[in-house]
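Open the model in your viewer and keep the selection tool at hand. The tour moves stop by stop.

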Amino acid sequence: RPEVVEAFYYLSVLTGDPIYREWGWEVFQSIEKYCKTKYGYGSLHDVNEPSMKPEDRMESFFLAETLKYLYLLFDPDSEIDILNKHVFNTEAHPFKIFNN
């Protein structure tokens, strides 16, 4: 689910602790290893059974949220500033905060 990677992103920004990037990298590597299909990525019914094949469908939130938060987690030059200038909607789209 994207909420885990979202939490890693927020915690990384708020604390500066590199452990969240390390955990994000582990998530990315696991997605590549266990969820990659011929034409995209599928989900697993049980992550405790790594021999299972991923489903032959990809959830829309995978690209919209999971990969976006992973990208931002590793982008030190991002102009997105969640502490002062931006907020994300429920689909991880950044919106600029307007001040009067």
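**Stop 1: the charged trio**

Select Arg-57 and Glu-55: their side chains form a salt bridge, with N and O 2.7 Å apart. This is a predicted model.

How exposed is each partner? Arg-57 is partly exposed, at a relative accessible area of 46%. Glu-55 is buried, because its relative accessible area of 16% falls under the 20% limit.

Glu-59 is partly exposed, with a relative accessible area of 28%. Keep the three selected: salt bridges with shared partners link Glu-55, Arg-57 and Glu-59 into one network.

**Stop 2: another salt bridge**

Which residue does Glu-32 meet in a salt bridge? Select Lys-36: the two side chains come together at 3.5 Å, N to O. Colour by accessibility here. Glu-32 is partly exposed, with a relative accessible area of 27%. Lys-36 is partly exposed too, at 47% relative accessibility.

In general, side chains of opposite charge can pair when their charged atoms come close. The count of salt bridges here is three.

Now show the charged side chains across the protein chain. There are 10 positive and 17 negative ones. The centres of the two sets lie 5 Å apart.

**Stop 3: the fold**

Switch to a cartoon. The protein chain has three helices and two strands. Trace the cartoon along the sequence and the order reads α-α-α-β-β.

Zoom out for the overall dimensions. Along the principal axes, the C-alpha atoms fill a box of roughly 55 × 25 × 20 Å.

**Stop 4: the nonpolar core**

Select Tyr-9, Ile-31, Cys-35, Tyr-41, Tyr-69 and Phe-88. These have the most contacts inside the largest nonpolar core, which has 13 residues. Which elements give two or more residues to this core? Highlight helix H1 (2-15), helix H2 (19-35) and helix H3 (60-73). H3 gives the most, with four residues.

Stay in the core and centre on Tyr-69. What does Tyr-69 touch, beyond residues up to four places away in sequence? Its contacts are Val-5, Glu-6, Tyr-9, Tyr-10, Phe-88 and Ala-92. Two of these names, Tyr-9 and Phe-88, were also in the core selection above.

**Stop 5: a serine in H1**

Select Ser-12, which lies in helix H1. Is Ser-12 buried or exposed? Ser-12 is buried, because its relative accessible area of 13% is under 20%.

Show what surrounds Ser-12. Setting aside neighbours within four places in sequence, Ser-12 is in contact with Asp-17, Tyr-20, Arg-21 and Leu-73.

**Stop 6: the surface**

Finish with a surface view. The accessible surface of the protein chain comes to about 7,300 Å². Carbon and sulfur atoms hold 55% of this area.

How much of the chain is buried? Buried residues make up 29% of the 100 residues.

How values were computed:
Residues are numbered from 1 along each chain as its sequence is written. This is a predicted model: local features need pLDDT of at least 70, side-chain atom pairs count only at pLDDT 80 or more; totals for chains, interfaces and linings use all residues. Side-chain values use heavy atoms; hydrogens and water are left out. Buried means under 20% relative accessible area, exposed over 50%, partly exposed in between (1.4 Å probe, protein chains only). Accessible areas come from the Shrake-Rupley method with a 1.4 Å probe; for residues, only the protein chains shown count as cover. Lys and Arg count as positive and Asp and Glu as negative; His and the chain ends are not counted. The place of a charge is taken as NZ of Lys, CZ of Arg, CG of Asp or CD of Glu. A nonpolar core is a set of buried Ala, Val, Leu, Ile, Met, Phe, Trp, Tyr and Cys residues joined through side-chain atoms within 4.5 Å. Contact means heavy atoms within 4.5 Å. A salt bridge is a side-chain nitrogen of Lys or Arg within 4 Å of a carboxyl oxygen of Asp or Glu.
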